[in-house]
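Please keep the structure in view while reading.

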Amino acid sequence: MMKYIGHIDLMKLFHKLFRMSGLPIVFSQGFNPHQIFTIAHPLSLGMEGQSELADFRLSAEVDAAEIVDALNSCAPVGLCVSRARTLVKGEKNCAALVAAADYRVCCGAHAGLSVAVLAILSRDEIVTVKRTKSGASQSDIRKDIIGLTEHGPGTLDMRISAGSAANLKPQLVMSEVFRELGAQYDENTLNYTRIQLLRRQGDGFERLD
């Protein structure tokens with residue numbers, strides 16, 4: 001059920017968790033101080049996340065295991081802090097490092113799903129309408145589809161661009177898959193899970209954690 005908590009409300013939830021846990025979270029300076037806490041990459045409403053990332057700052061050194069236990073003791077069902085670590089000197093925050101993301105999509109059994117995937121990967125250009133806060137515009141999303149495979153019957157795995165430099169929503173990829181299938185696309189009937197976030201490593205990617 002936690003997948004129905006929006007990004008802003010998730011931020012507010014963590015603010016409450018830090019207060020309830022008693023951890024010495026650092027606040028910003030100025031007229032409107034707020035906790036120094038940042039989620040690496042917002043997760044769309046209705047999507048689950050298996051390995052999400054966040055940065056925060058404490059005013060005192062606290063053992064990583066104590067941080068995890070303190071936050072989990074206050075967390076609601078469906079939200080689990082798996083581990084914590086200290087950033088090394090000079091290390092960028094996680095939001096600045098995100099370059100791609102892996103998703104798993106349960107879309108139901110469709111005849112010709114693997115054929116539709118191959119058809120998409122064989123195309124040099126996929127022009128679709130991307131909608132942002134500033135409006136709608138046509139964009140070629142093919143360059144941001146890094147990988148697309150059939151994980152099992154009715155399930156697809158995809159690796160797509162994510163982060164500040166380039167960001168592709170998995171819903172756009174699935175709308176193209178359903179177009180290839182000749183089937184009606186309804187994102188509310190699909191189950192999206194973000195498996196992991198990745199950063200650039202040479203010519204490829206590595207898990208960001």
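This is a predicted model: local features need pLDDT of at least 70, side-chain atom pairs count only at pLDDT 80 or more; totals for chains, interfaces and linings use all residues.

Strands E7 and E8 pair in the antiparallel sense over six bridges.

- Strand E7 covers residues 145–152, and strand E8 covers residues 155–161.
- Leu148 has Met158 in E8 as its bridge partner.

**The nonpolar cores**
- The largest nonpolar core has 31 residues.
- Ile145, Leu148, Leu156, Met158 and Met174 have the most contacts inside this core.
- Two or more residues each come from strand E4 (100–106), helix H4 (113–122), E7, E8, helix H5 (170–181) and strand E9 (191–201).
- H5 gives the most to this core, with five residues.
- A second, separate core of 20 residues includes Leu58, Val62, Ala75 and Val81.
- In soluble globular proteins, nonpolar side chains tend to be buried together.

**Contacts of Leu156**
- Apart from neighbours within four places in sequence, Leu156 is in contact with residues including Tyr103, Val105, Leu113, Val117, Leu148, Met174 and Val177.

**The setting of Ser161**
- Ser161 lies in strand E8.
- Is Ser161 buried or exposed? Ser161 counts as buried because its relative accessible area is 9%, and the cut-off for buried is under 20%.
- The side chains of Ser161 and Asp144 are joined by a polar contact of 3.0 Å.
- Not counting residues up to four places away in sequence, Ser161 touches Ala99, Ala100, Asp144, Ile146, Ala166, Asn167 and Leu168.

Terms used
Residues are numbered from 1 along each chain as its sequence is written. Side-chain values use heavy atoms; hydrogens and water are left out. Helices (H or I, at least four residues) and strands (E, at least two) are DSSP runs, numbered from the N terminus. Buried means under 20% relative accessible area, exposed over 50%, partly exposed in between (1.4 Å probe, protein chains only). A polar contact is a pair of N or O atoms within 3.5 Å; within protein, one must be able to donate a hydrogen and the other to accept it, and residues adjacent in sequence count only if both atoms are side-chain atoms. Contact means heavy atoms within 4.5 Å. A nonpolar core is a set of buried Ala, Val, Leu, Ile, Met, Phe, Trp, Tyr and Cys residues joined through side-chain atoms within 4.5 Å. Two strands pair if DSSP finds at least two bridges between them.
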